[in-house]
Amino acid sequence: MPLTWFPTSQLLWVRVAAVLFTCTAFSVTAHGGGLHQAGMADWCIFCWAFSFACSVLVLLVEQCSLQPRIPVSWSNFPITVACYASLLCLSASIIFPLYFIKGQNSYGEQRDHRIAATVFSCLATVAYMVEVSLSKARPGEVAGYMATAPGLMKVCQTFVACIIFILVSNPVSYDHHAALKWCMAVYCICFILSMAVVVLCVGECTGCLPIPFSKFLSVYGLLATVMYLTATILWPVFHFDRNYSRGGDKSKLIAVSVLTALNFLLYIADLAYSARLVFVSG
């Protein structure tokens, strides 16, 4: 007799695979990785452990039918977790081999453990991407905001901003000119507002806004796009022009320029979706 409590579905098995892959990645690393660079090692282990914990939570809630007792929007929470987990595991899959395999004098079991962790991290990334693909809203389907393209872009915007914060803070590379301080203000303001949208949707608090949520998204999208346009222009000018440059780690400064442009494109796409939402609903 089949067990009805544990139904079979593509989404279920993808989540189980993600749990197994992330658990294996951080377990192998902690057991025999022999890591010494605490900062990057801690970040990678955090990515895997956080993704594992959130996926276990989602599995337990869904299999025990506890959604009504959870004070969040269950149409938004699982896909938000999956999207963040895919980006976290992707970053760990890139950082871990660069810092702990490439150019490292590690041999035998230690190197094997590091390679295994990288492989399982990549598998976890694929599993979470498949989960997002299975969970996202289809054309004409009624779904939570975070399951739509604009919602997923909010997750990407906040994640890219977090990477920018890490790059510009060590060493500090925005304090020698007012234009660069403005760029930092742009990153902070847009990050806070995008994260606020994510929290409002997951917490089902969009009705607390004094204006319709769709109009708020459209106004904010326009503001963020204009602000990121200025940062996309100012950051490279005041870091790479000889009249303003103060040197520093060029690779990090270039990475910030690229990520700023990437977020600018995300905000343009987000604005287009939000404007279309306003005109279609209006």
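Trainee: Which helix does Ser 121 lie in?
Mentor: Ser 121 lies in helix H4, residues 108–135. Helices here are DSSP runs of H or I with at least four residues, strands are runs of E with at least two, and both are numbered from the N terminus. This is a predicted model, in which local features need pLDDT of at least 70, side-chain atom pairs count only at pLDDT 80 or more, and totals for chains, interfaces and linings use all residues. Residues are numbered from 1 along each chain as its sequence is written, and side-chain values use heavy atoms, with hydrogens and water left out.

Trainee: Is Ser 121 buried or exposed?
Mentor: Ser 121 has a relative accessible area of 0%, so it is buried. The classes are buried under 20% relative accessible area, exposed over 50% and partly exposed in between, with a 1.4 Å probe and protein chains only.

Trainee: What is Ser 121 in contact with, leaving aside its neighbours within four places in sequence?
Mentor: With those neighbours left aside, Ser 121 is in contact with Ala 25, Trp 48, Cys 89, Ala 92 and Ser 93. A contact requires heavy atoms within 4.5 Å.

Trainee: Moving to H3, how far does it reach from its first C-alpha to its last?
Mentor: Helix H3, residues 77–100, has 24 residues and reaches 33 Å, close to the 34 Å expected at 1.5 Å a residue. The expected span is 1.5 Å times one less than the number of residues.

Trainee: And how many of its residues are buried?
Mentor: In H3, 19 of the 24 residues are buried, so the helix is largely enclosed by the rest of the structure.

Trainee: Which residues form the nonpolar patch on the surface?
Mentor: The patch is formed by Leu 90, Ile 94, Leu 98, Tyr 99 and Met 129, which together have about 440 Å² of accessible area. H3 provides the largest share, four residues. Met 129 is found in helix H4 and is partly exposed at 42% relative accessibility. Patch members have over 30% relative accessible area and no salt bridge; like charges are joined within 9 Å, and nonpolar side chains (Val, Leu, Ile, Met, Phe, Trp, Tyr) within 5 Å. Accessible areas come from the Shrake-Rupley method with a 1.4 Å probe, and for residues only the protein chains shown count as cover.

Trainee: How many salt bridges does the structure hold?
Mentor: The structure holds three salt bridges, each defined by a side-chain nitrogen of Lys or Arg within 4 Å of a carboxyl oxygen of Asp or Glu.

Trainee: Which residues are linked in a network of salt bridges?
Mentor: The network links Arg 15, Glu 62 and Glu 131. The side chains of Arg 15 and Glu 62 meet at 2.6 Å, N to O. Arg 15 lies in helix H1 and Glu 62 in helix H2, so this pair ties together parts that are 47 residues apart in sequence. Arg 15 is buried at 4% relative accessibility, whereas Glu 62 is partly exposed at 25%.

Trainee: How does Glu 131 meet Arg 15?
Mentor: Their side chains form a salt bridge of 2.9 Å, N to O. This pair links distant parts of the chain, with Glu 131 in helix H4 and Arg 15 in helix H1, 116 residues apart. Glu 131 is buried at 3% relative accessibility.

Trainee: What does Lys 154 form a salt bridge with?
Mentor: Lys 154 forms a salt bridge with Asp 270, and the closest N and O atoms are 2.5 Å apart. Lys 154 lies in helix H5 and Asp 270 in helix H8 (residues 250–281), so the pair ties together parts that are 116 residues apart in sequence. Both Lys 154 and Asp 270 are buried.

Trainee: Now the rings: how many aromatic pairs are there in the whole structure?
Mentor: The search finds 14 aromatic pairs. One of them joins Phe 26 and Phe 52, whose ring centres are 5.6 Å apart with planes at 70°, so the pair is edge-to-face. Rings of Phe, Tyr and Trp (its six-membered ring) pair if their centres lie within 6.5 Å; planes under 30 degrees apart count as stacked, over 60 as edge-to-face and the rest as tilted.

Trainee: Which residues do ring pairs link into a cluster?
Mentor: The cluster consists of Tyr 145, Tyr 187, Phe 213, Phe 216, Tyr 220, Tyr 228, Trp 235 and Tyr 267. Of these, Tyr 145 and Phe 213 are both buried.

Trainee: Finally, how many helices and strands are there?
Mentor: The protein has eight helices and zero strands. Buried residues make up 43% of its 282 residues.
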